[in-house]
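User: I would like to go through the terms used for this structure and see what each one rests on. Please set the values against the cut-offs.

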Amino acid sequence: LLQYEPNANQRIQFNYTQQVNRRQEYDAEFVFNPNRRAAPATDLEIQSVSADLILEQKLSHHWKAKFGLSSQWQYNTTAGLQFIIPEFNSFTQGAFALIKKEFISGEVSLGSRFDWRFLDVPSYQRFNKTYGYQSQFKGLSMVFNWLEKLSETLLLNTTLSYGFRPLAVNELYSFGLHYG
């Protein structure tokens, strides 16, 4: 996380994360088949990189705004005798805006976000059939929120939202039962 505050009314944040997941699973067959004792039945590695750039701006005494860009890249490699999900590349871009007005007894906010995902699954064989896909998903999410402080111990929070979430690889291309 990098954060820069050029003045009392403005903040810029940059977040970067990276994660590597390695998963190996051994089937019961390796106990009975000496040729497969050293090889995992499933061997996969997913790498994920995310970056966000966010600008927070105080517009006036009671108004605030937040704008941002988000990116995520994922890459999966598979090996072994079988796989849970196929190899893939996924790239996601998002842009959002949120505006908020604060009152003495509460606040109201309105936000929107647009996401676009490109998903590439190279050709592979499964059950004597060839698969391979390139897909794009895009959609808009919106939210309206109203928070009212009714008393010292009672808050009323009302949210109206419409959400979009692009499909994940495991939702599109998993085969059969998976343990985990």
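**Core and aromatic pairs**

Analyst: In this predicted model, the largest nonpolar core has 13 residues, and those touching the most other members are Ile-85, Phe-88, Leu-119, Val-121, Tyr-124, Val-169 and Tyr-173. At least two core residues come from each of β3 (42–58), β6 (106–126), β7 (129–149) and α2 (169–173). The most come from β6, which supplies three.

User: Which residues is Tyr-173 in contact with, leaving aside its neighbours within four places in sequence?

Analyst: Tyr-173 contacts Ile-84, Pro-86, Leu-119, Val-121, Tyr-124, Tyr-133 and Ser-135. Contact here requires heavy atoms within 4.5 Å.

User: What makes Phe-91 and Trp-116 an edge-to-face pair?

Analyst: For Phe-91 and Trp-116 the values are 6.2 Å centre to centre and 70° between the planes. The angle counts as edge-to-face because the cut-off is over 60 degrees. Phe-91 belongs to strand β5 (residues 88–103) and Trp-116 to strand β6, so this pair ties together parts 25 residues apart in sequence.

User: How do you know that Phe-91 is partly exposed?

Analyst: Its relative accessible area is 32%. Buried means under 20% and exposed over 50%, so Phe-91 falls in between. Trp-116, at 26%, is also partly exposed.

Methods. Residues are numbered from 1 along each chain as its sequence is written. This is a predicted model: local features need pLDDT of at least 70, side-chain atom pairs count only at pLDDT 80 or more; totals for chains, interfaces and linings use all residues. Side-chain values use heavy atoms; hydrogens and water are left out. A nonpolar core is a set of buried Ala, Val, Leu, Ile, Met, Phe, Trp, Tyr and Cys residues joined through side-chain atoms within 4.5 Å. Buried means under 20% relative accessible area, exposed over 50%, partly exposed in between (1.4 Å probe, protein chains only). Helices (H or I, at least four residues) and strands (E, at least two) are DSSP runs, numbered from the N terminus. Rings of Phe, Tyr and Trp (its six-membered ring) pair if their centres lie within 6.5 Å; planes under 30 degrees apart count as stacked, over 60 as edge-to-face and the rest as tilted.
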